[in-house]
Amino acid sequence: MNDKKEKLSTDASDQGEVLIQVKDLRKQFGSNVVLDGISTDIRRGEVVVVIGPSGSGKSTFLRSLNLLEHPTSGQILFEGTDITAPDTDINIHRQKMGMVFQQFNLFPHMTVLKNITLAPVKTGKLSQEEADRKALELLNRVGLPDKADSYPDMLSGGQKQRIAIARAMAMEPDVMLFDEPTSALDPEMVGEVLSIMQELAKSGMTMVVVTHEMGFAREVGSRVLFIDQGRIQEENRPKEFFASPKNQRLKEFLSKVL
Amino acid sequence: MQSFMDSFYQNFIEDHRYMYLVKGLGNTIAITFFALMIGIVLGFLVAIIRSSHDKMDHPGAAIKILNAICKVYLTVIRGTPTVVQIMIAAYVIFTGPNVPKLLIAVITFGINSGAYVAEIVRSGIMSINEGQMEAGRSLGMNYVQTMSSIIMPQAFKNVLPALANEFIVLLKETSICGYIGMMDLAKGGDIIRSVTWEPILPLLGVACIYLIMVCGLSALVGKLERRLRTSER
C-alpha cells in the first residue's frame, strides 16, 4: 500500500506519456445530447475513475473510448492515432484496449479457457498453445486456476467478472476500460472483483473505471472525474475530490452516495 | 386377413408395383436433401445480410441494396403458394424440354425453403444479446470473426428446433411435385391407386413412409439438441 501512495504522489496528472487524448467529444442520440464536449488526457499508469448520476453520460463516454459508441463529433487520439478518423482500422486499436462490462458478456457456449484464448488466437496474436499457457497464467492471477474447463453458467457473478477481466488481459492491452464492473454483482462478490482491479492498478495498468464504488475511487484512483449532463463538472485527485468538492452538483451527488 | 394379403400383393408386389414407391421415395429424398442444402446456404446468407443491415447505424449503399433484394425475395416467396411457385418454375421459367424435372424441383424448393430458413436464422441472430457482439468487438476481433465464432453458434443452437420444423415441412411439401409431372413418393402411391383402383393401402403406405422419415428426422435433431445443450453445463 505504501508503494501505491508513492505512485499516487509522483503520478500527478501532468506527468507521464499521454495514452488517450479526448478532444471535445460530443454524442447525440437524435435531439438528446448525451456528451456535450468532453476533453481530457489519460496518461500511462493512471487510474481514472469516472463517477456521476445515472444518465449523466459516463458510460457513453467510456464506450466512446473504444468506439463501441461512435461520437457525433470530436476526436479520440489513442497512442497518437485519431481512432475516430474513418480510415482507421479500429480492430487493431481495440486489441490494445481491454474492456470489462457490467453484464460480463462472457461467451456462454465456450469454456472459460476458450473464452480467454479466442481473441488472441483469432486475431493472430498468439498460437493456441501460447494462448492456453497465457490463459492459465491469468486464471491463476485472478484466483480461479481450477475453472479453465468450466462453462460460464457454472460460475458465480464475481467469478464471471474475474474471468472477463482475464479475458481482456489476454490481449495484453495498454489500457483497460471498466463499465460499472461491480454493479451487477451481489454485494458479497464486489470485494473479490475490486481487489483484482486494485492488484491490476498496482501493477501499473492504465485504467478508466466507471463505477459507483466510492471506496475504490478513493483508494485506488489517481484521478476522479465527475460527469453530469454530458460534461466533466469536476476532476481532481481523490483526496481533494472527496474532501473539498467545489461543484454544487457534485456536492449534492456525494451527499447522496456517501 | 386373406383379403389383406391379397390386397397387399396386388398393390405392392404384382408387376413390381412397389418400385413406384421406391423410385418416388428416391426422388423425394433427393429433392429434400438438395433443397435443404440450397435453403440453408441461401437462408443463412439472407439472414446475415438482413440482421447486419438492421444493426448498422449508417448502412452503406451496397448493404442497403442487398437488404432490399432480400426483402423482395422474402415477400414474394413467403407471399405465394409453393405449388404455384413450382408450376411457374416448370411452365414459365424453365420451359425447355431438356431441363430435368428433378432440377426444377430442387431449385424451387431450395429457394422456397431459403426464405423460411432466413427468417428463422435472423430471429436467432437477433435473440443474441448485443453484449456478445460488443464483447467480441472490444477484444479486437472483426465483425466476421465475431459473427462466426460467437454469434452464429449461439444463434444456431437457439433456432435448431424451428429449423428442424422447417425441414420437416419441406420434406412433406415436396409431395406437390406431382403437379409438374414428377414422380415423388406421394405421386408413386397415387399411380398405384389409379392402377389398382384401391386407395387404402397405397395411400396409407405412403403416409407411413413419410411418418417414419419425419420421426427419424425429429429423433436425430433431438439428439443434436441434447448434445449442444450438455456442452454448456
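Okay, let's start with one residue, A:Leu65: leaving out residues up to four places away in sequence, A:Leu65 touches A:Ile20, A:Val22, A:Ile42, A:Ile76, A:Ile83, A:Met97, A:Leu177 and A:Val208. Touching, or contact, here means heavy atoms within 4.5 Å.

Quick housekeeping. This is a predicted model, where local features need pLDDT of at least 70 and side-chain atom pairs count only at pLDDT 80 or more, while totals for chains, interfaces and linings use all residues. Residues are numbered from 1 along each chain as its sequence is written, chains are lettered from A and ligands numbered from 1 in the order in which they are written, and side-chain values use heavy atoms, with hydrogens and water left out.

Back to the core. A nonpolar core is a set of buried Ala, Val, Leu, Ile, Met, Phe, Trp, Tyr and Cys residues joined through side-chain atoms within 4.5 Å. Buried means under 20% relative accessible area, exposed means over 50%, and partly exposed is in between, with a 1.4 Å probe and protein chains only. The largest core has 65 residues, and A:Ile20, A:Phe61, A:Leu65 and B:Phe109 touch the most other members. Helix α7 of chain B, residues 143–173, gives the most to this core, with nine residues. There's another core apart from it, with 48 residues, including A:Val49 and A:Ile163.

Now the sheet. Helices (H or I, at least four residues) and strands (E, at least two) are DSSP runs, numbered from the N terminus, and two strands pair if DSSP finds at least two bridges between them. In chain A, four strands make an open, antiparallel sheet in the order β2-β1-β4-β5. So which strands of chain A stand at the edges? They're β2 (32–43) and β5 (81–82); each has a single partner strand, so one side of each is left without a neighbour in the sheet. Helix α2 of chain A, residues 58–65, packs on this sheet and touches β1, β2 and β4 of chain A, with its direction at about 55 degrees to that of β2(A). For that angle, axes are lines fitted to C-alpha atoms, for helices over the stretch in contact, and angles run from 0 to 180 degrees between N-to-C directions.

β1(A) and β2(A) are joined by nine bridges, and they form a hairpin with two residues between them. In that turn, A:Gly30 has a positive phi of about 65 degrees.

On to the two chains. 25 residues of chain A are in contact with 20 residues of chain B. The buried area, meaning the accessible area (1.4 Å probe) that two parts lose on being put together, summed over both, is about 2000 Å² between these chains, and carbon and sulfur atoms give 57% of that. A:Phe107, A:His109 and A:Lys122 supply 25% of what chain A buries against chain B.

Last topic: salt bridges, each a side-chain nitrogen of Lys or Arg within 4 Å of a carboxyl oxygen of Asp or Glu. How many does the structure hold over all chains? The total is 21, with one between chain A and chain B. A:Arg63 pairs with B:Glu134, closest N and O atoms 2.7 Å apart, and also with A:Glu69, at 3.1 Å. A:Arg63 is buried, at 13% relative accessible area.

Then there's A:Arg223 with A:Glu46, at 2.7 Å. That pair links distant parts of the chain, 177 residues apart. Both ends are buried: A:Arg223 at 6% and A:Glu46 at 1%.
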